[in-house]
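Thanks for coming, everyone. I'd like to walk you through one structure today. Please have the viewer open.

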Amino acid sequence: MKGSPADPERLWAAQWTDWHGQVVQRSDDGGRTWTTVGNEFSYEGEPGTHQWYDGTPHPWEFKRVWHLEPSHDDRDTVFAGVEDAALFRSTDGGDTWSEMDGLRTHTTGQAWQPGAGGLCLHTILIDPSRAERMYVAVSAAGAFRTDDGGETWKPINRGLHSEFLPDPEAEVGHCVHRIAHHPSRPDTLFMQKHWDVCRSDDAGEQWTEVSGNLPSDFGFPIVVHAHQPETIYVVPILSDGEHYPPEGKLRVYRSRTGGNEWEALTEGLPQEHFRQNILRDAMSVDTLDPCGIYFGTTGGAVYASADGGDTWTAIAEHLPRVMSVEAQTLP
Amino acid sequence: MSTASTGAARESVTRVRVALPAHLRDLAGVGGEVQVEVEGEPTVTRVLDALEADHPPLRGTIRSHESGARRPFMRYFACGEDVSHEPPDQPLPEAVRSGAEVFRVLGAIAGG
């Protein structure tokens, strides 16, 4: 779910089940009522194949939407990242979707392989000062950037190191879990990878690991403070096979130095027997001052901090698995 | 009654009763059984075409936009018989055409 930066009353939600497949809905009244919009996501041309888990060719097939990213300034334009990895755009409020196939048809596309959750395009960042520059992240292909509004794309994975790859520093194949940036410094990117937290200060040309003193550098979400571009947050979990925090303690980690030096934020969060995960879309910040931070757990709780992470309160509990948390700051 | 009583111009139109699973009723915004008007001999394809025309939110949720293939977790029943695997352009049974029986779209029991 995402709110439109261009219209605070406009929200987008993607729902998917095995029963009915993909459904996309839009609200124009802040979530009070919803309208079903288009759900036809057709790849351009003959889609061809990508690699399956075992390295064999597998046909490109639409399965579901992983992420919706509204335009910063046009309320009717929204981007959708889907599985199997591709980027779609709607310019008519979601009624129709067109693939931006310059990404999927990149020369490396045939070599992309799915991560554990599928071959999904789960992250879309739009440069707020230069809309023709966008970033996407695909599990498990890596991060890509366009500087021409999506016509052409470039893998931006130099400096990443992934032990599970035959070549740990390959051009593509990295399981990037999330990238984030601050609107005032859009060329500085922060990444939570399958393992490792990384940053880039040149729009992804080169990455540096900044995991520092984190108890585990595995995790899914990463967010940036609304007013402090070097203050970032992650929620470490143990490993790819153990999707819960170390020692059963739910700890958000904050770095005020853009990485490397991290502090545990625990006040108000469960500090024993916590065996849940925090998914990549389930963490968000508002634009109030002080900045509010929000995240949801796979056990159905939503925690909020109104003071930049110093203290936390459960604002919802006993929900189903929280897939997405979005903070929409109303005027 | 096998044809709608709307005059000679529409004598080939048949009203078919359709039952949907709960999540699709919610999506379509309907409370119970719906009726659709099918032009020509009713088949699965024509019933679903009419259903989707009346309720656009259902497009793509029962069958593929592109191929028309039934989604794997959906099943079609007519007169108690599973017609999911029958050719979708095969005529539906007379009891469905007459309105005595409902054409049922069912979701697989996948919710636990």
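I'll start with confidence, then take chain A, then chain B.

First, a caution. This is a predicted model. It scores ipTM 0.82 and pTM 0.93. For chain B, the mean pLDDT is 89. In that chain, 88% of the residues reach 70 or more. One stretch needs care. Over residues 1–5 of chain B, pLDDT stays under 50. For those residues the model has 12 contacts beyond four places in sequence.

Now chain A. How many helices and strands does chain A have? Zero helices, and 26 strands. Along its principal axes, the C-alpha trace of chain A spans about 55 × 50 × 40 Å. Of the 331 residues, 47% count as buried. Now take the contacts in chain A with a separation of 6 or more. Residues 24 or more positions apart account for 48% of them.

Strand 2 covers residues 7–17 of chain A, and strand 3 covers residues 21–27. These two pair in the antiparallel sense over seven bridges. For one example, find Trp16(A): its bridge partner in strand 3 is Gln22(A).

Move along to another sheet of chain A. Again it is open, with four strands, this time in the order 23-24-25-26. The pairing is antiparallel. Its edge strands are strand 23, at 283–285, and strand 26, at 313–316. Here neighbouring strands are turned by 25° on average, direction ignored. Strand 24, residues 293–296, and strand 25, residues 302–305, pair antiparallel over four bridges. Within that pair, Ile293(A) stands opposite Ser305(A).

Next, strand 7 of chain A. Is strand 7 enclosed or open to the outside? Seven of its seven residues are buried, so strand 7 is largely enclosed by the rest of the structure. Six bridges join strand 7 to strand 8, and the two run antiparallel. Leu68(A) stands opposite Ala80(A) in strand 8.

The loop between strands 7 and 8 of chain A holds a histidine, His72(A). It has 15 other C-beta atoms within 10 Å, so His72(A) is partly exposed. What does His72(A) touch, beyond residues up to four places away in sequence? Pro5(A), Ala6(A), Ile126(A), Pro128(A) and Ala131(A). Take Ile126(A) from that list. His72(A) and Ile126(A) are 54 residues apart along the chain, yet their C-alpha atoms are separated by 7.8 Å.

Here is another histidine. His273(A) lies in the loop between strand 22, residues 263–265, and strand 23 of chain A. Is His273(A) buried or exposed? It has 10 C-beta neighbours inside 10 Å, so His273(A) counts as exposed. Pro245(A) is 28 residues from His273(A) in sequence, and 9.7 Å away, C-alpha to C-alpha.

On to the cores. The largest nonpolar core has 87 residues. Those that touch the most other members are Val82(A), Phe88(A), Leu121(A), Val136(A), Ile179(A), Met191(A) and Ile222(A). Pick out Ile222(A). Leaving aside neighbours within four places in sequence, its contacts include Phe190(A), Met191(A), Val197(A), Ile232(A) and Val234(A). Arg178(A) and Gln192(A) are also among them.

A second, separate core has 21 residues, including Val16(B), Ile62(B), Leu92(B) and Val105(B).

That takes us to chain B. Find helix 2, residues 44–54. Its buried residues are Val44(B), Arg46(B), Val47(B), Leu48(B), Ala50(B) and Leu51(B). What covers the buried residues of helix 2? The cover includes four strands of chain B: strand 1 (13–19), strand 2 (34–39), strand 3 (74–78) and strand 5 (103–107).

That's the tour. Over to you for questions.

Key: Residues numbered from 1 in each chain as written. Chains lettered and ligands numbered in written order. Predicted model: local features only at pLDDT ≥ 70, side-chain atom pairs only at ≥ 80, totals over all residues. pLDDT = per-residue confidence, 0-100. Contact = placed C-beta atoms within 7 Å. Pairing = 2+ DSSP bridges. Buried ≥ 20, exposed ≤ 12 C-beta atoms within 10 Å, placed from the backbone. Axes fitted to C-alpha atoms, helices over the stretch in contact; angles between N-to-C directions. Core = buried A, V, L, I, M, F, W, Y, C linked by C-beta atoms within 7 Å.
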